[in-house]
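Here are my notes on the model, as numbered points. Have the viewer open while you go through them.

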Amino acid sequence: MKNKLSFNLFVVIAFIVIATTGCQKGDLLSNPNAGSQNSVVPASLLLNHLTYSLATGGGVTDGRAGAVNEMPWNLPATFSQFHISNYQYYRGNNFYSWSNSVTNYDMLKYANLLQVQATKSYGATPNVYSALAKFFKAYCFIWLSQRVGDIPMSQAGDIANLTPAYDNQHDVYKNSLALLDTANTQMVNLGTANANVLVGGDIYGLTNLQWQKVINSYKLRVLMSLSKRSIDNADLMIPAQFATIFNNPAKYPVFTSNGDNVKFTFNAAFNPYPIFPGNQPYNNYSNICKTYLDLTTSTNDPRTFIAATPSLAQLKSGKTIGNFSAYVGADINSDLTTLSAMSGKDSFSFANYSRYYSSIAGANAEPYIVIGFPELCFNIAEAINLGWVTSANSVTWYNKGIGASLAIYGLTQGQKLQIGDVAGTSLGFVTVDIDAFTNNPAVIYHGDDTIGRAQILVQKYIAFFENSGWEAFYNWRRTGVPNFSQGGIGIGTSGNRIPRRWQYPQDEVNYNSDNYLKAITTQFAGKDDLTKDTWLTK
């Protein structure tokens, strides 16, 4: 789709230029295939690029060092310890040995263009495109800042200034939250008559109202990511801003069901599912991670059957496919030689082939969720647990989150699920028992205390399985929940510890060196250190 989108944009710009300027024979200085600075380009085409970039990881899947696709079964899910490799040639290693991040300024560039074209096409009065431009700007700045720390923001995007100064992370978040608030206000001003109008150029097929819900639900995500700074940064009013949104749904609507999810749907022609038919042998070279499976199997969570195959070694020992202890995750701490040998002995669980490998369009898999209702429910439950919101019950939102996650997989009480092996060959059927799971003592909400908060975070992590990009990793970094495996040789870093951040983009090191050096001196005593926390997570 991305190539097709770029081509369509190219064609439209070329058409506009030819139609408005004509073709002057012999004028070698005119390029008939390039739009001028004053060209009018449909805002919908620019939004199309931005919405695609939102799913893939901010448009950074362009071959640069450090660029990582955020869709399912890619590195973010490995580093979130959902699945891991057991064979380097086909699946790489599991090392957290990243270095430089990339920038996300492609999104900023297109958001700025979207603002310009929205004004050209619709006038100075705020419209849906100008509101969404502000959302994408905020998303862009937060995307990079949560990876590295201080970044250029107030001077970023000015083509006349190629060495923008850095804003400290506090200000990046403060100004991004303000952008999101303005975006919501502009959406409110569109009026209820336009609420159910589909936004042109949106690959997710959302209405104006649903995009307003995206803006506010995302803002709640951002506010929760600031939980460690909620007391010592009173000017940000983090708990108050969260409560304001929650308590005024008329002005600040948020997701109300899975129907509002920002979900990316795959298709065979342009966006095939990341793992697909013909790749069956590759399922042998990856296992479901112990971190995830230990959590689901310990509580009889039926999502175990969605994600994984049973270990054939456990079945040979006499266990049935309905026995949760037959599902065994591989430990990311282990070296690949050990993982490969044990996988070859059928010691571990593999991905559910029938669900994730059987269709090039991902017909049997859940859509990829970029920002979703289950996460929102758990963010609200955590806010209540922390005392930010006093007008609601945390157990209600905790249970809503669990129910919404189960619904995404289509799980219902008494349902029969077919269980397969690594190649998808049927091993029989199991009966889904949601009641046994939700009534498990470890799942029943403990209360608004540290135990209850850990339960919320664990369930949010499970709901993030193979979706939402880096969010599972960021939540672990913020809270330490769940307990990620580290310390073993499989982590692949100095001391075998998981990094806390990325180093700055190489472009910044090369071309904005003075400001880069100031930033690492101010934050990290002059060393671009992956082991150090930024202001966000100290």
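Predicted model: local features only at pLDDT ≥ 70, side-chain atom pairs only at ≥ 80, totals over all residues.

1. Charges to begin with: the protein chain carries 37 positive and 34 negative charges, and their mean positions lie 1 Å apart. In that tally Lys and Arg are positive and Asp and Glu negative, with His and the chain ends not counted. Each charge is placed at NZ of Lys, CZ of Arg, CG of Asp or CD of Glu.

2. Residues are numbered from 1 along each chain as its sequence is written, and side-chain values use heavy atoms, with hydrogens and water left out.

3. Overall build: the protein chain has 21 helices and six strands, taken as DSSP runs (H or I, at least four residues, for helices; E, at least two, for strands) and numbered from the N terminus. The radius of gyration is 24 Å, close to the 24 Å from the globule rule for 538 residues, so the chain is as compact as a globular protein of that length. That radius is taken over C-alpha atoms, and the rule is 2.2 Å times the number of residues to the power 0.38. Along its principal axes the C-alpha trace spans about 80 × 55 × 55 Å.

4. The protein chain exposes about 21,700 Å², and carbon and sulfur atoms supply 54% of that; the areas come from the Shrake-Rupley method with a 1.4 Å probe. Take the contacts (heavy atoms within 4.5 Å) between residues at least 6 apart in sequence: 72% of them join residues at least 24 apart.

5. Salt bridges: the structure holds 15, each being a side-chain nitrogen of Lys or Arg within 4 Å of a carboxyl oxygen of Asp or Glu. One of them pairs Asp260 with Lys213, closest N and O atoms 3.1 Å apart. Asp260 sits in the loop between α9 (238-247) and β2 (262-264), and Lys213 in helix α8 (residues 208-225), 47 residues apart. Asp260 is buried at 5% relative accessibility, and Lys213 is buried too, at 10%.

6. Another pair to look at is Asp346 and Lys316, with closest N and O atoms 4.0 Å apart. Here the loop between α13 (336-344) and α14 (353-356), which holds Asp346, is linked to Lys316 in helix α12 (residues 312-316), 30 residues away. Asp346 is partly exposed at 21%, while Lys316 is exposed at 70%.

7. Then there's Arg478 with Glu382, at 2.9 Å, N to O. This bridge ties helix α19 (residues 471-479) to helix α15 (residues 373-386), its partners being 96 residues apart. Both Arg478 and Glu382 are buried. Shared partners join Glu382, Arg453, Lys460 and Arg478 into one salt-bridge network.

8. Last stop: what does Thr299 touch, leaving aside its neighbours within four places in sequence? Thr299 is in contact with Phe437, Asn440, Ala442 and Val443. Thr299 lies in the loop between α10 (290-297) and α11 (303-307) and is buried at 7%. Pro441 is 142 residues from Thr299 in sequence, yet their C-alpha atoms are 8.4 Å apart.

Terms used: Buried < 20%, exposed > 50% of the residue type's maximum accessible area, 1.4 Å probe, protein only.
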